[in-house]
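Colleague: I am new to this structure. Could you show it to me and take me through it?

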Amino acid sequence: ATTMAAKNGEVDGVFSGTPAQQRQLEEKRQKWQQTLLDVYWHEANCARSCLQMSNTSAIFHSLNTTRDGALSFEEFKQWIQGKHSGLPGANASSIFNMFDKDRNNVISEAEFIQGCVELEARG
């Protein structure tokens, strides 16, 4: 009596089909492996992004010396010039304007996080 496994080309749990079937099976295995790696990579990036946002949020709150929930140009300029000593005020102003998406002359926490992400993406 031929078992179902034998009909499918399996002998003792090992697939022993034609070379074409074996290649097809190997291609499927590789696709699944790549899919699992993609999922793992995505989850790792999400976790890293959350940690970065948490750190960026902590930086924002440490810079917000007035504790009003928004960074003024002076608060921002002190930080940016501290990170990049010798940066002219005009460049600090340009960077401030890049962060200030709604053009209300202050940077909210969300704008600060978004600006930091954009700066990091630029390398």
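Modeller: Helices (H or I, at least four residues) and strands (E, at least two) are DSSP runs, numbered from the N terminus. The protein chain has five helices and four strands. This is a predicted model, in which local features need pLDDT of at least 70, side-chain atom pairs count only at pLDDT 80 or more, and totals for chains, interfaces and linings use all residues. Residues are numbered from 1 along each chain as its sequence is written, and side-chain values use heavy atoms, with hydrogens and water left out.

Colleague: In what order do the elements of the protein chain run?

Modeller: From the N terminus on, the order is α-β-β-α-β-α-α-β-α.

Colleague: What percentage of the residues count as buried?

Modeller: Of the 123 residues of the protein chain, 21% count as buried. Buried means under 20% relative accessible area, exposed over 50%, and partly exposed in between (1.4 Å probe, protein chains only).

Colleague: Now the core. Which residues have the most contacts inside the largest nonpolar core?

Modeller: They are L71, F76, W79, F99, I107 and F112, in a core of 13 residues. Helix 2 (19–63), helix 3 (73–83), helix 4 (89–99) and helix 5 (109–122) each give two or more residues to this core. Helix 4 gives the most, with four residues. A nonpolar core is a set of buried Ala, Val, Leu, Ile, Met, Phe, Trp, Tyr and Cys residues joined through side-chain atoms within 4.5 Å.

Colleague: And what does L71 touch?

Modeller: Not counting residues up to four places away in sequence, L71 touches F60, L63, N64, F76, F96, V106, I107 and F112. Contact means heavy atoms within 4.5 Å.

Colleague: How many aromatic pairs are there?

Modeller: The count comes to seven aromatic pairs. Rings of Phe, Tyr and Trp (its six-membered ring) pair if their centres lie within 6.5 Å; planes under 30 degrees apart count as stacked, over 60 as edge-to-face and the rest as tilted. One of the pairs is F76 with F99, which is tilted, at 5.1 Å centre to centre and 55° between the planes. F76 lies in helix 3 and F99 in helix 4, so the pair ties together parts that are 23 residues apart in sequence.

Colleague: Are F76 and F99 buried or exposed?

Modeller: Both F76 and F99 are buried.

Colleague: Changing topic, where is T56?

Modeller: T56 is in helix 2, and is buried, with a relative accessible area of 13%. Leaving aside neighbours within four places in sequence, T56 is in contact with F112, I113 and C116.
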